[in-house]
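Keep the viewer open as you read.

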Amino acid sequence: MKNLTLKNITDACRGTYHGDPHLLDQEADGVVIDSRKVRPGYLFVAIDGVKVNAHKFIPDTVKAGALCVVSHEDLGETDYPYILVESTGQALLDIAKLYRDSFDLKVVGITGSAGKTSTKEMIASVIAQKYNVHKTLGNFNNEWGLPITIFEMNETHQVAVLEMGVNHFGEMRRLSSVASPDICVVTNIGIAHLEFFKTRDGIYREKMQMIQDMKNGGTIILNGDDDLLSQTSPVKGVKPVFFGLDEGNQFYADHIQTLGLKGTACTIHLPDDASFECIVPLPGIHMVSNALAGAAVGYTLGLTPQEIRAGIEGLPSMPGRGNIIETERLIILDDCYNANPVSMKASIDVLNMAIGRKVAVLGDMGELGNREQELHYEVGEYAAKQGIDLVCGIGPLSRSLAEGAKNVRSAAQSIWFETNEEFIKASGNLLHAGDNILVKASHSMCFPEIVDALKDF
């Protein structure tokens, strides 16, 4: 891998090299934190998990041909090389920074409370019309995932689209200092992770830390429909560019026409009076906002309106993220990868576009702090007010969600289940042929198993 000699790695993570000095000029062929993925010539970074001490797998990695190991435990005298560091977690970030800086490519950094991954996919789809694009794998957006994504970059890539997710103060700078973005995109400031950030202002301050590591001459692209982001003043002398549905934004959409679960038709306006009609292929007004973010990044990187349109209309669907699944008897809106109150309400809005009976299967949302019961109740209220025919709450916190739906509109049927298994067992009597079903919850709820069960309904 470019620039990743053992000497450079040792220097980057301020470690102490133990082993044959003749190997210091040898480059690692790969960097991994999963011992099972080690191949000959790889560097293994031993990061301990909550329940597992990764250092106990070091002998296995040596047998698999690891070039070297990075450890925060003093391994003493060994017959294999290792680099002793204070923290392997920080070392992983340091090595990723070394590797990222060895490439002359543009980096688009994306953060926000909701919609990061779908916006990342939209932006990547757009700019891939002109450039060879590398993007975050899945939602590998934390202090382990971002480095893993960066290590997959190679010299053929021209642009990297990197997603950054945080849930504690101080995390963003650790990520953005590695990514060093040329373009900073913030999708919105919601109420995810209130348990740690306490207020939306706290979330705003942490997300905006990304801009402190933006490269000179960079571009700031913000959601102008967000009340906090829209008030952002120039940062580091750079005036933000705004996207949104309001025509006061530099990038905006009008003539919006829903096509139900097949997407949304609209006209997208760019600066300099350029515009084009297009169809955003995934449903929901939030996907129009994502398309505008993609248009803003594409425009910044020199794409033509025709190229931007092709990227928007060519956006592929993703399992668990607004994916529409049509079976012989049901239409399933698979949005079960993760959830917070903002994204939950947005998905309910999408469900409401469907023709026919509408069913919301909703599970617990995590990391909401001392307002968790209230926020679940509000989502249930919202579902009932939007006219959802059947609301199914699953999980301890979603008892409040089911109560919220039931108390707002008695005509709305609302049922609570303690577990996924209970819902799946009862679904045969609850669901009807032709139903449109939203499936959404926090990742820990394991809702893909519900999607799989509904496919066989």
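A word on terms before we set off: helices (H or I, at least four residues) and strands (E, at least two) are DSSP runs, and their numbers count from the N terminus. Also bear in mind that what you have here is a predicted model.

On that basis, the chain has 15 helices and 20 strands. Its radius of gyration is 24 Å, close to the 23 Å that the globule rule gives for 457 residues, so the chain is as compact as a globular protein of that length. Along the principal axes, the C-alpha atoms fill a box of roughly 75 × 55 × 40 Å. Buried residues account for 54% of the 457 in the chain. As for how the sequence folds back on itself, take the contacts between residues at least 6 apart in sequence: 64% of them join residues at least 24 apart.

Counting charged side chains gives 40 positive and 58 negative, with the centres of the two sets 2 Å apart.

Next, the aromatics. How many aromatic pairs does a search of the whole structure find? There are four. In one of them, the rings of Tyr99 and Phe103 have their centres 4.9 Å apart and their planes at 80 degrees; planes over 60 degrees apart count as edge-to-face, so that is what this pair is. Both Tyr99 and Phe103 are buried. Together with Phe151, Tyr99 and Phe103 form one aromatic cluster.

Another pair to find is Phe251 with Tyr299, again edge-to-face, at 5.5 Å centre to centre and 75 degrees between the planes. Phe251 sits in strand β12 (residues 251–258) and Tyr299 in helix α9 (residues 285–300), so this pair ties together parts that are 48 residues apart in sequence. Are the two partners buried or exposed? Phe251 has a relative accessible area of 2%, so it is buried, whereas Tyr299, at 29%, is partly exposed.

Stay in this area and pick out Pro271, in the loop between β13 (264–269) and β14 (275–280). From Pro271 to Ala296 is 25 residues in sequence and 9.3 Å in space, C-alpha to C-alpha.

Finally, some backbone angles. Most residues other than glycine have a negative phi. Against that background, have a look at Lys236, where phi is positive, near 55 degrees. Lys236 lies in the loop between β10 (219–223) and β11 (241–244), and its relative accessibility of 47% makes it partly exposed. His255 also has a positive phi, near 50 degrees. Where does His255 lie? It is found in strand β12, the strand that also holds Phe251. At 64% relative accessibility His255 counts as exposed, whereas Phe251 is buried.

Technical notes. Residues numbered from 1 in each chain as written. Predicted model: local features only at pLDDT ≥ 70, side-chain atom pairs only at ≥ 80, totals over all residues. Heavy atoms only, no water. Rg over C-alpha atoms; globule rule 2.2 N^0.38 Å. Buried < 20%, exposed > 50% of the residue type's maximum accessible area, 1.4 Å probe, protein only. Contact = heavy atoms within 4.5 Å. Lys, Arg positive; Asp, Glu negative; His and termini not counted. Charge placed at Lys NZ, Arg CZ, Asp CG, Glu CD. Phe/Tyr/Trp six-rings, centres within 6.5 Å; stacked < 30°, edge-to-face > 60°.
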